[in-house]
Amino acid sequence: MVRINELNRCYRVLGLKPGASLDEINQAYKDLARIWHPDRMPQDDPDRQHEAHEKLKEINEARDLLRSCYAKKGAQRPQTASKKTAAPPPKPPKTTKTATPRDRYQPPKPPESPPKTSYQPPKPNYQAPRNPYQAPETTTQSPQPNPQPPTPKPPSPSYTSYRPSPPVTPSPVVPKYQPPDLSGVDLRGADLKEKDYANRNLSNADLSHADLSDTFLHNVNLTQAKLYRANLYRANLLQADLSYADLREANLIGADFSGANLSGADLSGARVGINNRLMVKLTGANLSGTIMPDGTIHS
């Protein structure tokens, strides 16, 4: 039986939380295997090749152990903690009951009829109605000479008091978060390994000799940026704008430039492969006017 500590270690190797689904385990394995495949490592670097082999071996073992746990449990998530469930109490044995003379069937007794009571009608509560007619009282009054009708009073004008409506205070508008502008920043020789600069503005920035290996640079603005001899090993530059950027003698092995704009960029002397094997992803990239590593200008 696989221990819980061993399962948790396998989850950590794949970068997952304990209890992840089988689809998440397979996807994490594919992503890590693509990163640590020995073919993506420099062939002239034995240390990196040995590290990639050991890492890929550890990833395979973690994936196989978690898959076996799912197969044993019927495609359910492996438990991260053992819970002891108490066994249900045993059911008492059924005992056969022998019929006794008292237990034999006896027909039900007919219901007793309620006692008869003599009917007594309710006594009427009759009251004579009152006479609505009453003769008016006659009073003798002395006649008044020349009666005059009362003068009507003019209607009083109705005034409504003016009350100004209270001022309406608009609700404050919370501005959306915008990353700081890094255009023209000086990062020469900086260690930016595995950093996240997605959607940043790094136009005209100086990144010469900087370490940008495994850095996430998705949709970043690197227009006219200086990347002379920068290390872009396995950097993610999807849909990045590198127009007229200086990439001379930069290490571009394993970098992903899918959908990037490299028009007018200078790639003279840049490392893009090993033994005439291209190891840079340029799917959908714009290379119009780009100076290629061999010095030719792409049309």
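This is a predicted model: local features need pLDDT of at least 70, side-chain atom pairs count only at pLDDT 80 or more; totals for chains, interfaces and linings use all residues.
Q: How large a volume does the largest pocket have?
A: Let's begin with the general idea: rolling a probe the size of a water molecule over the atoms shows where empty space is left. Here, the largest pocket comes to about 400 Å³.

Q: Which residues lie nearest the centre of the largest pocket?
A: Look for Arg34, Arg40, Arg234, Gly254 and Asp256, which lie nearest the centre among the 19 lining residues. If you colour by secondary structure, you will find that α2 (22-35) and β2 (277-278) each give at least two residues to this lining.

Q: What about the second largest pocket: how much space lies in it?
A: The second largest pocket holds about 270 Å³. Its lining has 16 residues, with Arg48, Lys193, Asp214, Tyr233 and Arg234 closest to the centre. Nine of the lining residues are charged, four nonpolar and three polar.

Q: Now the helix α1: which of its residues are buried?
A: A handy rule first: an α-helix has 3.6 residues a turn, so residues three or four places apart point the same way. In α1 (residues 4-13), the buried ones are Leu7, Asn8, Cys10, Tyr11 and Val13.

Q: What covers the buried residues of α1?
A: The cover includes α2 and α3 (46-72).

Conventions: Residues are numbered from 1 along each chain as its sequence is written. Side-chain values use heavy atoms; hydrogens and water are left out. On a 1 Å grid over the protein atoms alone, a cavity is a set of points where a 1.4 Å probe fits but cannot get out, and a pocket is an open set with protein on both sides within 12 Å along at least five of seven lines; lining residues have an atom within 4 Å of a point. Grid points are joined across faces, edges and corners, and a volume is the space filled by probe spheres set on the points. Helices (H or I, at least four residues) and strands (E, at least two) are DSSP runs, numbered from the N terminus. Ala, Val, Leu, Ile, Met, Phe, Trp, Tyr, Cys and Pro count as nonpolar, Asp, Glu, Lys and Arg as charged, and the others, Gly among them, as polar. Buried means under 20% relative accessible area, exposed over 50%, partly exposed in between (1.4 Å probe, protein chains only). Contact means heavy atoms within 4.5 Å.
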